[in-house]
Amino acid sequence: MAKHHQSVHELSMAGIVPPEFVRMKHDQPGATMFPDTGGPHVPVIDMTNPDCEACLSDAAMEWGCFQVINHGVPAAVVAELQRVGRAFFELTPEEKCRYSSDPASGSIEGYKVGTKVQRKLTGMKAWGDFFYHYVSPPSIVNHNIWPQNPAGYREANEEYCRHMQRLTREMFEHLSVGLGLEKGAMCEAFGGDDLVLLQKINSYPPCPQPDLVLGVGPHTDVCTLTILLPNEVPGLQIMKDGRWHDVEYLPGALVVFIGYQIEARAQLLIIEPCCSLLLRENSSLVG
């Protein structure tokens, strides 16, 4: 069994913020993040819109981020994934640590506490607990690290994965057409049926000193796409034109971020966004 390290959930319950979570003064939210006072909003795209290709490519080129609605992922599938995700983080510390990976192994999979999860790190930990595991393709999926508790965890993740495979392919096709490429260009470039999907379940408990720490510091993603399942707790921001913009919660929507791999292959036609996550003192976020 892996060694038990105090989780961020436990620190939150105790009202403690250890020094390794506290950002340098110039890097604290009050010095770097400013309230969104209006202006343009992250685009919201209806996946059933006949002009979806143009809308997606325009949003990718201007923002590198957008929200999608009418995406075909049933609300019941989303609710079940959220249920098992919350239930996992409510397990005892000892049980969660059974799924920790040995840091020396270099594996990204497993349960992690306050991990330094972004590139260009300043040395501080993120105020969050995380559980990562691959869900596709089958050749790299290791069900031994998937938790047996809560009940239904595997079924919920596999069902959600099926919808993500379909949605990812659709977005690749729409982006390809919108950029003047063959419909299947991006799908083929990024692995086709062997596209790697990594499930990341994140828990950001209430923070007793949210002015000193971040859930996730400013970063960009190294993948192709990040599809985020948000909840009603605010805090997610994206940088555009030198200022931070709130990503407003839209019930039923999924938030999509363009990753470095697409930006690189699109030869600067598409931008890679910088995003961060602010914390709240009395609210938790699981996504």
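**Exercise 1.** In which sense do β7 and β10 pair, and over how many bridges? Then place both strands in their sheet.

*Solution.* A note before starting: this is a predicted model, where local features need pLDDT of at least 70 and side-chain atom pairs count only at pLDDT 80 or more, while totals for chains, interfaces and linings use all residues. Residues are numbered from 1 along each chain as its sequence is written, and side-chain values use heavy atoms, leaving out hydrogens and water.

Step 1: β7 and β10 pair in the antiparallel sense, over four bridges. Strands here are DSSP runs of E, at least two residues, and helices are runs of H or I, at least four, numbered from the N terminus; two strands pair if DSSP finds at least two bridges between them.

Step 2: look across from Thr-226 and you'll find Phe-257 in β10.

Step 3: the open four-stranded sheet reads β1-β2-β10-β7, with mixed pairing. β1 (44–46) and β7 (225–228) sit at the edges with a single partner strand each, so one side of each has no neighbour in the sheet. From one strand to the next, the twist averages 30°.

**Exercise 2.** Which strands does α6 lie across, and at what angle does α6 run to β7?

*Solution.* Step 1: α6 lies across β2, β7 and β10.

Step 2: α6 runs at about 130° to β7, an angle on a scale from 0 to 180 degrees between N-to-C directions of axes fitted to C-alpha atoms, for helices over the stretch in contact.

**Exercise 3.** Which residues does Leu-254 touch?

*Solution.* Skip residues up to four places away in sequence, and the contacts (heavy atoms within 4.5 Å) include Phe-66, Val-68, Tyr-160 and Ile-227.
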